[in-house]
Amino acid sequence: MNCPKCSSEKKIKSGFAKGRQRYKCKDCGYNYTVELKPAAKPDSIKKQALRLYLEGSGFRSIGRLLGVGNVSVLNRIRKFGKETRELNFESKETETVEVDEMHSCTGSKKLLSDMDCR
Ligand SMILES: [Zn+2]
């Protein structure tokens with residue numbers, strides 16, 4: 001956040017005002033406050049939103065149901081949901097590979113399971 005008056009980056013912290021960080025511009029002396037980032041949404045809401053997302057709910061209805069209208073929150077959930085989907089997909093693949101290796105006792109797992117294979 002630069003000075004809203006002269007756009008200078010040079011500023012000094014001068015305490016807090018009503019929960020906001022207060023800055024003083026070093027160039028023009030203008031005092032201004034910057035709104036602190038809102039506290040992160042509780043995990044439960046994030047999980048609920050994520051579950052709704054994975055069940056195929058649209059972001060409009062998720063936002064309406066949970067009262068999260070914030071686009072950045074929804075974007076984060078969407079990103080997180082995408083990663084979770086990818087993780088689920090990967091873990092399913094890993095399971096298949098592990099089953100195969102248990103039958104054949106070959107591959108990269110041989111070293112780890114050498115004892116069991118003999
Ligand atoms: Zn300034």
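In the predicted model, three strands form an open sheet in which the order is β1-β2-β3 and the pairing is antiparallel. From one strand to the next, the twist averages 35 degrees. In general terms, the strands of a sheet pair through backbone hydrogen bonds, in either a parallel or an antiparallel manner. Here, five bridges connect β1 with β2, the strand of residues 20-25, in the antiparallel sense, and Ala17 is placed opposite Arg20 of β2.

Ser8 belongs to the segment that precedes β1, a strand that covers residues 11-17. With a relative accessible area of 7%, Ser8 is classed as buried, because this value falls under the 20% limit applied to that class. When residues up to four places away in sequence are not counted, Ser8 touches Asn2, Cys3, Cys25 and Asp27. Of these contacts, the one with Asp27 includes a polar contact of 2.7 Å between the side chains of Ser8 and Asp27. The C-alpha atoms of Ser8 and Cys25 are separated by 7.1 Å, although the two residues are 17 residues apart along the chain. A polar atom of the Ser8 side chain also lies 3.0 Å from the backbone nitrogen of Lys10.

Terms used:
Residues numbered from 1 in each chain as written. Predicted model: local features only at pLDDT ≥ 70, side-chain atom pairs only at ≥ 80, totals over all residues. Heavy atoms only, no water. Helix = DSSP H or I, 4+ residues; strand = E, 2+ residues; numbered from the N terminus. Buried < 20%, exposed > 50% of the residue type's maximum accessible area, 1.4 Å probe, protein only. Contact = heavy atoms within 4.5 Å. Polar contact = N/O pair within 3.5 Å; in protein donor to acceptor, adjacent residues only side chain to side chain. Pairing = 2+ DSSP bridges. Axes fitted to C-alpha atoms, helices over the stretch in contact; angles between N-to-C directions.
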